[in-house]
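This report describes the arrangement of one protein chain for a reader who is new to structural description. Please keep the sequence and the model in view while reading.

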Amino acid sequence: MAPPLAAPRFHAAPPRGLLLRPRKPLPTWRRAARPDDQDLYVDDDIGDGFSFSGGKYAEAEGPSKSDEWFAQGRMVKAHALYGNKEKAKDPFFGLTMGSGSQSSGDVFNWFCVEAGSSSNPTVLLIHGFPSQAYSYRNVLPVLSDKYRSIAFDWLGFGFSDKPQPKYGFDYTLDEYTSALESLIDAVAPDKLSIVVQGYFAPIVVKYAKEHQDKLNHLILVNPPAESNL
């Protein structure tokens, strides 16, 4: 009979003298785009770079990154709530939930950030799951010379409304597609190009199939396999 395996030993902290991985130099185009922005890179242990979570922003001194980002955007009303507009309640205790879990009115609020002249061709930057428009914070100024670039938070993410299921929005593929159509009609009534990341790609592909005459270009970044056109 083989001897029993010894339990592995875990360390709560790296041993003394362990060299941490050096920070990689920034690509030239990124340094040129935002030379004074120290937020162009993200260390593994200080946040994910796609949201305001993590110790990086929780412990940072000075102005809040969240407040600074919010100040750059605006709320756009698009896509009406369905149903009787009741206040969302906790599914276990039946208590009315806080304002962050309620819809803001009869039409949803979407947080949008825009850069570039309105006379330029429009490109809509759509974040993945889970993320928010903040992930495009360094792309927006790069595109702004030649494009009117718009990034937004999906319903349920970032600063946009976060309705509870069965209280105006159920987060289904069809609902998201319809909501996207409403938002695009509000922010880009003419033709546009769309860039979308990850697991929200199927929603955009469904929209594109139904509105091919609306699109100049469609770019899918790391989509799931079923998103193929």
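## Terms and basis

A residue is called buried when its relative accessible area is under 20%, exposed when it is over 50%, and partly exposed in between, as found with a 1.4 Å probe on protein chains only. At 11% relative accessibility, Arg 148 therefore counts as buried.

The model is predicted, so local features need pLDDT of at least 70 and side-chain atom pairs count only at pLDDT 80 or more, whereas totals for chains, interfaces and linings use all residues. Residues are numbered from 1 along each chain as its sequence is written, and side-chain values use heavy atoms, with hydrogens and water left out.

## Overall organisation

The protein chain has 6 helices and 6 strands. These elements are DSSP runs numbered from the N terminus: helices are H or I runs of at least four residues, and strands are E runs of at least two. Read from the N terminus on, their order is α-α-α-β-β-β-α-β-α-β-α-β.

Of the 229 residues in the protein chain, 37% are buried. A contact means heavy atoms within 4.5 Å. Among the contacts in the protein chain with a separation of 6 or more, 72% come from residues 24 or more positions apart.

## Strand β2 and its partners

Two strands pair if DSSP finds at least two bridges between them. Strand β1 (residues 73–80) pairs with β2 in the antiparallel sense over 6 bridges, and Met 75 stands opposite Phe 111 in β2. The pairing of β2 with β4 is also antiparallel and has 4 bridges; here Cys 112 stands opposite Phe 152 in β4. Because 7 of the 9 residues of β2 are buried, this strand is largely enclosed by the rest of the structure.

## Salt bridges

Side chains of opposite charge can pair when their charged atoms come close. A salt bridge is a side-chain nitrogen of Lys or Arg within 4 Å of a carboxyl oxygen of Asp or Glu. The whole structure holds 4 salt bridges. One of them joins Glu 114 and Arg 148, with an N to O distance of 2.8 Å. Glu 114 lies in strand β2 (residues 107–115) and Arg 148 in strand β4 (residues 148–152), so the pair ties together parts that are 34 residues apart in sequence. Glu 114 is partly exposed, at a relative accessible area of 33%.

Lys 206 and Glu 210 also form a salt bridge, at 3.4 Å from N to O. These two residues are 4 apart in helix α6, and about one helical turn therefore separates them. Glu 210 is partly exposed, with a relative accessible area of 47%. Elsewhere, salt bridges with shared partners join Arg 74, Glu 114 and Arg 148 into one network.

## Packing of helices α5 and α6

Two packed helices are described by the angle between their axes and the distance between the axes. Axes are lines fitted to C-alpha atoms, for helices over the stretch in contact, and angles run from 0 to 180 degrees between N-to-C directions. Helix α5 (residues 173–187) packs against helix α6 (residues 201–210) at an angle of about 65°, and their axes are 9 Å apart. Residues that make the contact include Leu 180 and Ile 184 of α5 and Ile 203 and Tyr 207 of α6.

A salt bridge also connects Lys 206 with Asp 174, whose closest N and O atoms are 3.6 Å apart. This pair links distant parts of the chain, with Lys 206 in helix α6 and Asp 174 in helix α5, 32 residues apart. Lys 206 is partly exposed, at 26% relative accessibility.
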